[in-house]
Amino acid sequence: MLLAATDYVRPDSLQEAVELLASSANARPLAGGQSLLNVLKHRAASVDLLVDISRLEELRSIESGGDGSATIGAGVTYAELERSDALRASHPVVAEVASVTVDRQVRNRGTLGGNICFADPASNFPPLVVALGATMNITGPGGDRTLAAEDFFSGAHRTALEPGELLRSVTLPALGGAGTGYRTLPLARESWALARAAALVRGNGTIEDIRVVLGCVAGTPVRATAMEDKLRGEQPTPEAIADASAAAGEGLEPPSDTHATGDYRRDMACVMAKRAVLEATGGANG
Amino acid sequence: MNPDAKTLPYSPVEQSERLGQWSGKNVPRKEDKRLLKGQGAFVDDLWMHRMGYVHFVRSPHAHARIVSIDVSKCEAVPGVYATLTGKEVGELQEPYFQMAPEPGANAKDYCMAVDKARFMGEPVVAVLAESRELARDAAELVEVEYEVLPAVVDGVATVEPDAPIIHDEVGSNVGWHGVYDYGDVDWALDNADHVVRIDRLHFHRFSSAPLECSAALVNWDPGTGVCEFQTNNQMPMFAAMFLGPAIGLGIDHMQFVTQDIGGGFGIKITSYTYLTALALLSRKAGRPVKWTEYRWEHLAASAHGNERTFLDVEVPVMSDGTILGFKLRAFDDAGAYMRYEPLGAVIWSQVVPGNYRFKHIRVDYTETFTNKCPVGPNRGYSRLQHLWMIERIVDTVAHELGFDPVELRKLNYIQPEDFPYEAPNGCIYDSGDYHAMLDKALELVDYPAVKQRKEAAAGSGKRIGIGIGTTLDSGTNNFGQSRIINPELPFSGNGEAAFCKLDLYGEVTVTLGTTPQGQGHETTTAQVVADILGITPEMVHVRAGYNKANHTYVGFSGTYASQFAVTGLGAVIGAAEKLRGEMVRVGAAMLGGVDEDDVELADGFVRLAGNPEAAIPFIGIAATVFSNVAELPGELADSVSLNCRHVYRPPFAVPNSEDKTGQLTLTYASQVHVAVVEVDEETGAVELLDYAAVDECGRKVNPQIVEGQVHGATGHGIGAALYETFNYDSDGQLLNATFMDYHAATSLDVPMIKYGDIECPSPFTPNGAKGMGEGGGAPLSTISSAIQDALPEGAHIVYDTHNPPERVYDLLRSASLGLPRGVSVTSR
Amino acid sequence: MNVSGRSAVPMPVSELWTALSDPARLGGALPHVDTVDVRDDANFSATSRVTTGLGQTPLRMDFEIADRREGEHVRIVGSGVAGENEVWMSVSLDLSAEGDGGSAAAWTADVRLRGVLSSLLQRNLPALVADQIEGVLLVAQQAGSGSR
Amino acid sequence: MADSGAVHTIELTINGEQQTHNVMSRQLLVHFIRDVLGMRGTHIGCDTGNCGACTIIVDGQPVKSCMMLAAQADGRSIETIESLGDGPDGLDPLQEAFREHHGLQCGFCTPGVLLNAKTLLAENPNPSTDEIRRALLGNICRCTGYTNIVKSIEAAAAK
């Protein structure tokens with residue numbers, strides 16, 4: 001419960017934050033701190049310089065693109081996502097997922113960027129932003145760059161951010177009528193996940209494009225490509241979806257822990273994938 | 001009353017008829033104001049000049065010899081006051097007194113690991129420094145060299161010959177073994193129409209995990225030689241009995257003070273080991289020392305509930321459903337040290353037949369050591385394991401032989417007219433009506449409607465299950481049962497003390513020997529005293545918490561094992577009645593030598609019945625005795641003090657340690673719970689749709705407080721049944737070592753509980769009350785029963801108290817996969 | 001906790017084997033290593049700061065190259081301290097030539113954490129270990145090709 | 001350039017009173033409240049931000065003070081349990097409802113629960129039973145089984 005000695009700084013601008021992050025090999029951004037502080041309290045890891053980015057206005061806006069897309073600042077809290085009318089209109093699933101993230105207290109502090117960059121396999125947002133085909137807007141010493149969400153996650157608690165780089169915002173492409181689904185098997189009522197799947201389905205009548213992304217089964221979110229391939233071009237009937245979902249678990253080696261074995265997580269990945277796609281295609285809930 | 005009950009070992013007691021004006025009412029609690037305002041005094045809130053903060057360096061290994069400890073780097077850091085190593089403890093402390101007979105008694109238990117670390121998290125070195133942060137940082141400079149040994153984490157396999165020995169001095173991993181044998185179970189098995197055999201039942205390891213961790217501020221005063229413990233230990237006199245002889249402190253050289261305790265539930269009984277280490281450190285450093293446990297330390301190294309495995313269960317059943325009894329082997333995993341054990345090896349026998357009329361019972365009981373956290377008397381201690389097993393037997397018999405679970409229970413329950421009922425081992429169940437409670441619980445969940453809903457849900461992918469749990473909360477221990485474990489133990493009976501006085505200005509003050517942790521003792525005590533002295537609870541000042549120097553106490557003092565309403569309030573009634581008697585005699589003299597029978601106490605006056613003018617305010621009585629005594633007749637003045645103490649003593653005899661029989665507890669509160677669950681067929685996830693808890697605990701002093709205890713015990717039970725567990729990996733590492741993985745039940749996990757109650761006053765207690773609050777672990781039995789009811793035909797029976805989604809998923813699939821079912825029936 | 005993986009390494013298998021079976025070279029290949037103290041041809045100790053997205057975890061480890069078969073197999077056993085926790089690991093690598101001048105490393109790792117970290121990291125340890133081993137192979141390969 | 005260092009000066013409003021303090025960067029807000037300000041009504045029940053016993057109000061929002069650094073409270077307005085009810089004995093309607101409905105037993109979780117409930121009722125004066133239970137998800141209680149806590153908040157809402 002007691003952090004190791006560390007320095008803290010609260011820069012006034014994004015540019016200053018980037019410089020500070022690049023100034024030390026072991027500097028880390030501190031947004032809501034709802035995950036990072038737990039790591040530091042138990043000294044699972046320690047940090048030389050905490051760069052508090054939670055008040056940088058450049059990171060705290062939610063902008064709707066005219067085309068139905070949305071760009072969300074990395075510093076926007078879950079509570080703000082939950083309450084955003086613009087987001088409920090353009091991407092209701094994001095507001096919905098934010099509203100069940102941990103609890104009221106955490107939702108007032110925890111941020112979208114923090115959830116994504118902490119990159120815990122059981123975090124709420126990584127599978128969702130991959131399913132939605134989001135773009136990560138990164139800023140750093142070398143200037144700005146973007147990455148597809150799918151390429152952003154590189155390992156458990158590891159992202160493609162280079163030293164000194166910061167996630168500035170996340171751009172969600174317009175849904176354009178696509179259906180979304182997000183299903184979690186929690187350990188207890190609305191607690192963290194044993195299994196999770198997020199789905200995006202485009203097309204009316206037949207499935208033109210489909211993305212099914214699994215959480216909790218590996219260090220990073222995993223595209224269930226075998227399942228996607230079986231459904232692309234098919235009618236989204238419950239039977240077809242159920243058959244295809246059996247393929248979602250292929251090749252997965254999920255971790256075991258005190259709550260569930262890897263085999264169970266693999267089976268549940270298939271069930272959550274089925275239910276997420278059924279939700280995305282407007283079908284009954286499994 | 002049972003007319004043909006043979007002469008009972010004790011007869012009904014005469015009950016005070018003065019109770020009723022305030023007793024039995026929902027008086028708002030006196031404790032609430034300070035707690036609602038954040039003005040409570042919890043141990044971590046306390047501070048002393050010159051005090052140092054303690055951080056324990058703990059063994060990361062479950063079983064390891066300590067080769068060497070180097071504290072030089074740590075002690076070199078400025079601001080580090082002192083360290084204490086296990087080696088020093090080996091010289092400064094005698095091993096704790098062991099309750100077990102040989103060979104279990106040979107186990108050497110110290111406050112820290114001396115030669116070997118025997119569970120992950122066992123303290124090895126204590127570091128004292130000027131700040132918490134410094135103590136934590138400096139502790140990382142302590143270098144401990146371990147020789148890692150293989151760990152044993154299975155409470156049954158630990159008795160195998162090749163298992164690593166945890167206590168070399170004991171020679172095996174068996175702490176205690178005994179056979180309890182009542183009636184003639186072999187006759188019953190030979191003559192039964194059916195014998196139901198269950199391979200294995202497992203009661204899992206969990207803890208009530210109070211929200212406030214253990215903590216203490218300990219000051220060994222070199223000037224007076226008195227060591228003061230400001231602590232949240234909930235059984236100080238038990239702690240004193242172990243701690244004093246271990247470090248050479250006389251009982252009167254130990255002062256214990258508690259005020260507000262953030263929940264105890266039994267887990268804060270065995271913290272005397274930490275109090276010992278802190279006392280030694282305070283004496284060595286010449287400073288007060290303060291220690292506050294972190295949550296991970298609490299989960300890994302304070303105390304766990306008993307983990308008990310039942311093997312080879314055999315149940316003789318007659319064709320009409322009458323269950324004659326059962327036979328089984330029980331293995332109870334005590335963890336690395338026996339610190340309240342092996343008392344648990346007899347305490348379950350307070351409820352040998354559970355709520356049922358079984359006559360033929362044999363239990364072959366073994367208490368074992370493993371490389372896991374030592375167990376302590378967790379809420380429902382040792383009885384909830386046994387009662388869960390009995391309800392699994394009844395449920396399985398109903399399921400396998402096609403009996404209706406409600407009718408089978410009503411057939412085998414102890415019948416209302418049989419009370420007081422003598423159990424096979426001589427325990428006297430004082431009163432109860434399990435049939436009425438079951439009907440009420442079924443009514444609360446609208447049983448007929450739920451059965452229809454269950455039929456309607458078929459094929460929907462969601463299976464509905466209705467579960468019943470019948471348990472007991474045996475209260476007011478007869479500590480003589482410890483002799484069944486070890487005939488040499490010098491304990492028997494029970495008792496609690498209370499002190500009631502009228503002070504100079506006529507204020508009534510009460511002190512208790514109990515250590516409340518949220519049960520509202522200040523309020524219920526004030527209600528009883530107000531009734532007896534004819535005043536209001538607001539006029540009674542009950543001193544908060546426990547204070548060994550200023551409060552009265554006896555050897556059994558503390559708050560544990562569902563007994564306050566009997567032992568605590570029994571003492572309060574006695575003390576208040578004595579004070580009343582003295583006030584009446586003084587009043588009668590001051591009112592001109594009138595007859596004492598004509599004098600009454602009302603509204604803060606001692607007055608002549610029928611003549612309200614002739615009334616003396618309490619201050620008048622007190623002022624006369626304390627500062628105007630010449631006005632009283634000499635022999636009256638010499639015979640009153642207005643300072644009255646009473647020790648309540650339950651009417652126990654010493655049990656028979658040969659045949660393991662006797663009256664082991666005085667009162668038997670009971671619980672009948674019904675749960676409605678919905679099981680997701682695809683995932684095994686269980687959701688509670690409805691929950692009814694019907695409770696019986698004799699005459700209630702404060703019904704709202706009683707209902708609160710039922711809600712709390714139900715919350716604990718639901719948490720353990722579905723979410724809370726301690727799992728160790730093969731290396732002996734605790735995998736649920738933080739609240740991230742030990743999922744304490746939340747406000748969404750526990751449904752709004754439907755409470756019901758009936759009242760069967762106890763004939764054997766001064767106020768007709770029964771001890772209550774542990775709750776018998778009813779939800780564990782109820783949810784196991786509900787999940788069993790939701791399983792498809794041919795599925796494996798519910799065999800574990802803990803049923804997370806994966807386990808239920810495996811149970812659901814066991815039928816289709818044609819796996820063995822864990823149960824078999826042979827019929828004549 | 002066992003985890004296994006397979007990595008392609010663009011360097012000849014004999015060079016890779018040497019990099020992994022020589023204490024000094026292997027010590028130098030540990031990510032974010034601070035000090036390496038070689039005791040003999042099979043034993044060395046090293047202090048390093050395991051780096052993840054969360055920050056750095058100081059590690060003080062004693063390593064032994066437990067067994068080796070020229071050009072094809074090496075097993076490394078390590079034990080040490082990470083704050084209040086202890087770490088024990090056994091990593092065995094089977095090397096084979098692959099592609100033109102490259103090699104493949106099939107590895108299995110048994111890593112035991114002891115202390116509260118064994119609970120905190122129980123889900124993510126396999127993935128974290130896999131990352132670290134790939135990190136060692138990367139550094140070994142860079143050192144081998146002299147590009148560092 | 002903001003100063004980065006091990007010690008920081010923070011200006012904050014504590015229960016309506018403007019104060020300035022120097023804090024270590026490493027110090028958690030809950031330790032600052034308990035040990036530096038000496039306000040012992042805010043409690044610590046876990047070491048992973050799960051139990052909510054440390055819940056306080058920051059700028060009108062309930063927050064776990066063990067999941068914030070003291071330095072992050074610079075420029076904020078924090079309210080702790082000591083701000084409820086006037087004077088040493090006064091109970092506000094919410095506290096009174098808890099007393100009437102036995103919404104507490106040991107009292108260790110109570111400060112965090114009350115401050116969470118206060119902000120809930122400010123946002124949603126008439127919450128349903130389920131809304132109250134969901135709002136309390138981050139406040140663990142080990143004594144009451146939550147039933148009377150929910151009933152107490154319902155009673156306070158009805159006042």
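Predicted model: local features only at pLDDT ≥ 70, side-chain atom pairs only at ≥ 80, totals over all residues.

Biologist: How many residues do chain D and chain B bring to their contact?

Modeller: Chain D brings 44 residues and chain B 43. On the chain D side, α2, α3, α4 and α5 each supply at least two residues, and α2(D) gives the largest share, four residues. By class, that side has 18 nonpolar, 16 polar and ten charged residues.

Biologist: Why is His102(D) called buried?

Modeller: The criterion is 20 or more other C-beta atoms within 10 Å. His102(D) has 26 and is therefore buried. His102(D) is found in the loop between α2 and α3 of chain D, and its phi is positive, near 50°, although the residue is not a glycine.

Biologist: What makes Glu190(A) partly exposed?

Modeller: A residue is exposed at 12 or fewer neighbours and buried at 20 or more. Glu190(A) has 16 C-beta neighbours inside 10 Å, so it counts as partly exposed. Glu190(A) lies in the loop between β11 and β12 of chain A and also has a positive phi, about 50°.

Biologist: What is omega for the cis peptide bond that joins Glu341(B) and Pro342(B)?

Modeller: Omega is about 0° there; Pro342(B) sits in the loop between β14 and α9 of chain B. The bond from Phe419(B) to Pro420(B) is also cis, with omega near -10°.

Terms used. Residues numbered from 1 in each chain as written. Chains lettered and ligands numbered in written order. Contact = placed C-beta atoms within 7 Å. Nonpolar A, V, L, I, M, F, W, Y, C, P; charged D, E, K, R; others polar.
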